[in-house]
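Please walk through this structure step by step, starting from one residue and its surroundings and then widening the view to the whole chain.

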Amino acid sequence: MDKRIINILLVMAVLILLAINIKIFIDNHEETAGIEQNGNGIENSMIQNNNQDDIQNTITSKVADMTERSRMQTYFGTFISYIEENDYESAYNLLNENFKKNYFSTLEQFETYIQKYPKDIAVDYKEIERQGELFVLTVEIKDVFNKEAQTITQRVVIRELGVNQFTISFQVE
């Protein structure tokens with residue numbers, strides 16, 4: 001009987017020690033988890049900023065290696081993709097300042113004008129000429145899915161300020 005009581009006391013002591021260890025582990029884990037959660041927001045935003053910077057650097061280096069013609073097509077393609085995504089503000093921000101003053105003094109005016117473009121845009125580059133620091137593109141803007149839709153022919157002027165830095169203006173009708 002004495003051995004039984006000793007065994008029961010030993011098991012109880014082990015269980016108490018185990019419970020204390022679990023409690024200490026949980027308390028420490030909660031503090032660490034709290035720090036990690038608070039730090040993750042900062043860390044995630046830093047990672048996102050670094051990823052965006054990496055993406056921008058990759059794009060810039062790829063654009064730098066392109067021919068003039070390919071760069072101009074890429075720049076105009078960026079402009080058109082903003083329009084297709086209904087991100088009119090980003091497209092508007094690419095416009096040359098003097099051009100904006102003359103034709104689209106407000107974003108709303110630009111949005112109204114852009115409504116004449118097809119919903120699903122295909123661009124056919126007809127000509128690209130360099131005139132000093134300006135590039136003049138002649139493009140046909142078509143609807144990808146509707147062959148019956150009217151084709152818009154425009155002259156587009158792109159001024160390259162630096163690699164992947166540019167302004168756009170175009171023939172307004």
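Leaving aside residues up to four places away in sequence, Asp124 touches Thr138, Val139, Glu140 and Lys142. The model is a predicted one, and the contacts of Asp124 are computed from its atoms. Asp124 sits in strand β1. Between Asp124 and Thr138 there are 14 residues along the chain, while their C-alpha atoms are separated by 8.7 Å.

Four strands form an open sheet in the order β1-β2-β3-β4, and their pairing is antiparallel. The edges are taken by β1 (121-131) and β4 (165-170); each has a single partner strand, so one side of each is left without a neighbour in the sheet. From one strand to the next, the twist averages 30°. In general, strands of a sheet pair through backbone hydrogen bonds, in parallel or antiparallel fashion.

Within this sheet, strand β2 covers residues 134-143 and strand β3 covers residues 152-162; the two run antiparallel and are joined by 8 bridges. Glu140, one of the residues that Asp124 touches, has Thr153 in β3 as its bridge partner.

A helix packs on the strands. Helix α2, residues 68-84, lies across β1, β2, β3 and β4, and its direction is at about 140° to β1.

Which residues form a nonpolar patch on the surface? They are Val11, Leu15, Leu18, Ile22, Phe25 and Ile26, and together they have about 580 Å² of accessible area. Leu18, one of the residues in this patch, belongs to helix α1, which spans residues 2-64. With a relative accessibility of 45%, Leu18 counts as partly exposed, because that value falls between the limits of 20% for buried and 50% for exposed.

The view can now widen to the chain. It holds 5 helices and 4 strands, and from the N terminus on the elements run α-α-α-α-α-β-β-β-β. Of the 173 residues in the chain, 24% are buried. The accessible surface of the chain comes to about 12100 Å², and carbon and sulfur atoms account for 52% of that area. Among contacts between residues at least 6 apart in sequence, 46% join residues at least 24 apart.

Terms used: Residues are numbered from 1 along each chain as its sequence is written. This is a predicted model: local features need pLDDT of at least 70, side-chain atom pairs count only at pLDDT 80 or more; totals for chains, interfaces and linings use all residues. Side-chain values use heavy atoms; hydrogens and water are left out. Patches are made of residues with over 30% relative accessible area and no salt bridge: like charges are joined within 9 Å, nonpolar side chains (Val, Leu, Ile, Met, Phe, Trp, Tyr) within 5 Å. Accessible areas come from the Shrake-Rupley method with a 1.4 Å probe; for residues, only the protein chains shown count as cover. A salt bridge is a side-chain nitrogen of Lys or Arg within 4 Å of a carboxyl oxygen of Asp or Glu. Buried means under 20% relative accessible area, exposed over 50%, partly exposed in between (1.4 Å probe, protein chains only). Two strands pair if DSSP finds at least two bridges between them. Axes are lines fitted to C-alpha atoms, for helices over the stretch in contact, and angles run from 0 to 180 degrees between N-to-C directions. Contact means heavy atoms within 4.5 Å.
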